Amino acid sequence: QVQLVESGGGLVQPGGSLRLSCAASGTIFSLNSMGWYRQAPGKERELVARITSGGMTNYADSVKGRFTISGDNAKNTVHLQMNSLKPEDTAVYYCRAFVLRSGVPIQYWGQGTQVTISS
C-alpha cells in the first residue's frame, strides 16, 4: 500500500505564494509520476501540474508561468510552488501518484489540502 501525505495549504492574499508538498510512503518500487489536482466547490477535479520520474512536466493553462512543480525521486516527494495566486486558485488540492506494480500503473490519491486565496 502507498500513502500520500500533503502539506502546505492555507489562506493567503491575492498575489501571494504558497508551497505545497506531497510525500509518498509505503511499498514503492517504481514511481511513475506524481502530480497535483484541484477541485473547487461545484466544479470537477482538474489537473494543475504533474511530473514524471524522468522530469517531464505539464501544466494547466491557467497556472502556466505562475506555478512550478518539482520532484525528488530519492525521497518520493513532489512540490508545487504557487506564485501570483488568484482567488480563482481557491480549491482543495490533491496529490496523485502512479506507482508501477508489475509494469501496471496504480494510482493513489492524497486526502487533499485546502488552499484559499482571499483578501
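Y93 has T113 as its bridge partner in β11. Strands here are DSSP runs (E, at least two residues), numbered from the N terminus. The model is predicted: local features need pLDDT of at least 70, side-chain atom pairs count only at pLDDT 80 or more, and totals for chains, interfaces and linings use all residues. Residues are numbered from 1 along each chain as its sequence is written, and side-chain values use heavy atoms, with hydrogens and water left out.

β9 and β11 run antiparallel and are joined by 3 bridges. Two strands pair if DSSP finds at least two bridges between them. β11 is also joined to strand β2 (residues 10-12), again by 3 bridges, and these two run parallel. There, L11 stands opposite T116 in β11. Strands of a sheet pair through backbone hydrogen bonds, either parallel or antiparallel.

Now look at the two faces of β11. T113, V115 and I117 form a covered face, while Q114 and T116 form an uncovered one. In a regular strand the side chains alternate between the two faces of the sheet.

Y93 also reaches well beyond its own stretch of sequence. Leaving aside neighbours within four places, Y93 is in contact (heavy atoms within 4.5 Å) with residues including E6, W36, R38, L80, M82 and V115.

Which residues touch the most other members of the largest nonpolar core? They are L4, M34, W36, L80, M82 and Y93, in a core of 31 residues. A nonpolar core is a set of buried Ala, Val, Leu, Ile, Met, Phe, Trp, Tyr and Cys residues joined through side-chain atoms within 4.5 Å. In soluble globular proteins, nonpolar side chains tend to be buried together.

Next comes an open sheet. Its 4 strands stand in the order β1-β3-β8-β7, with antiparallel pairing. β1 (2-7) and β7 are at the edges with a single partner strand each, so one side of each has no neighbour in the sheet. β1 is joined to strand β3 (residues 18-26) by 6 bridges. S7 stands opposite S21 in β3.

How many salt bridges does a search of the whole structure find? There are 4. A salt bridge is a side-chain nitrogen of Lys or Arg within 4 Å of a carboxyl oxygen of Asp or Glu.

D89 sits in the loop between β8 (77-82) and β9 (91-101). D89 counts as buried because its relative accessibility is 1%; buried means under 20% relative accessible area, exposed over 50%, partly exposed in between (1.4 Å probe, protein chains only). D89 forms a salt bridge with R38, the closest N and O atoms being 2.9 Å apart. R38 lies in strand β4 (residues 31-39), and the two residues are 51 residues apart. R38 is buried too.

R66 and D89 meet in a second salt bridge (2.8 Å, N to O). R66 lies in the loop between β6 (57-59) and β7 (67-72), so this pair ties together parts that are 23 residues apart in sequence. Both R66 and D89 are buried. R38, E46, R66 and D89 are linked in a network of salt bridges. K64 and D61 also meet in a salt bridge (3.1 Å, N to O), but both of these residues are exposed.
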